Each structure stands twice: as structure tokens, then as C-alpha cells.
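Please look at the sequence and the model shown here before reading on.

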Amino acid sequence: MRITADANVLVRAAVMDDPVQGAIAAEMLLEAEAVAVTLPSLCEFVCVLTRGYKKGANEVAAAVRALIESASVLADRPAAEAGLAMLERGGDFADGVIAFEGRRAGGPVFVSFDRDAVALTEAAGFEAKG
């Protein structure tokens, strides 16, 4: 079976804080022929782990990398890597994805009221304004 995994399935499999749902999530992910992991699901996954479960950026980045590097996972790896780069520089994963997706869609200047996101985007060598 080829599936699309919602963030709550990814979280349950990663955290295993609910034995029943965690086991079901892990089984679904492991048994699937292919697992589509969308950018919104990745953004939610990172947000839940960092804000809800208070996991550190390095631990979350390792979990995302393990997920997207799985042979059965279908994900937008370049966008995910942009999010990871932002997360690992102390920023928000979603901001990295948004800036990357915007450049790819034809908007080369990242604009935000989030000064940290603007500064981190500029530090990565991309144009940003805030």
C-alpha cells in the first residue's frame, strides 16, 4: 500500500508516548510500500516535537533526516533540507521551507516581520526584508 502520513502518525511513531497508537503508526509506516510525507506534515511534525514535546533542534533535525532518508519515504528533500538548515541555525523549520518554496516559485526575496527569520535567511546568502 502507498500512503500519505499525517503529522500525528509521524509524531506517534517517533515519540511512542501512546503505546497503542505508536505501535499502529510504526506498523503502518514500516509496512507501506511508499510513504508520502508532505511539507505541511513535516512542518507540523517539527512544530509538535519542538513546542509540544520540548525536543531540541538537533534531536528534531535528526528525526526529520531519519524520516526523509528512509527508502520508502517520498518527500520534497530540497525543501526539507532548507527547513533543516534554518532549524539548525536556530530558526524555525517552517520559515526555511517557506523561503525555499518562495524562491522556487519565483519570489526570490523572503519578506517577514520575524526579524530572526529575515536575519537567518540573509545569513544563508539569500535576500530577505523585514
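## Helix, sheet and cysteines

Met28 belongs to helix H2, which spans residues 19-31; helices (H or I, at least four residues) and strands (E, at least two) are DSSP runs numbered from the N terminus. The model is predicted: local features need pLDDT of at least 70 and side-chain atom pairs count only at pLDDT 80 or more, while totals for chains, interfaces and linings use all residues. Residues are numbered from 1 along each chain as its sequence is written, and side-chain values use heavy atoms, with hydrogens and water left out.

Met28 counts as partly exposed, at 40% relative accessibility (buried is under 20% relative accessible area, exposed over 50%, partly exposed in between, with a 1.4 Å probe and protein chains only).

Three strands form an open sheet in the order E1-E2-E3, with parallel pairing (a pair needs at least two DSSP bridges). Its edge strands, E1 and E3, each pair on one side only.

| Strand | Residues |
|---|---|
| E1 | 2-4 |
| E2 | 34-36 |
| E3 | 73-74 |

E1 and E2 run parallel and are joined by three bridges. Within this pair, Arg2 stands opposite Ala34 of E2.

How many disulfides does a search of the whole structure find? The search finds zero, a disulfide being a pair of cysteine sulfur atoms within 2.5 Å. The closest cysteine sulfur to that of Cys43 is in Cys47, and because the distance is 9.0 Å, it is too far for a bond. Cys47 itself is partly exposed, with a relative accessible area of 30%.
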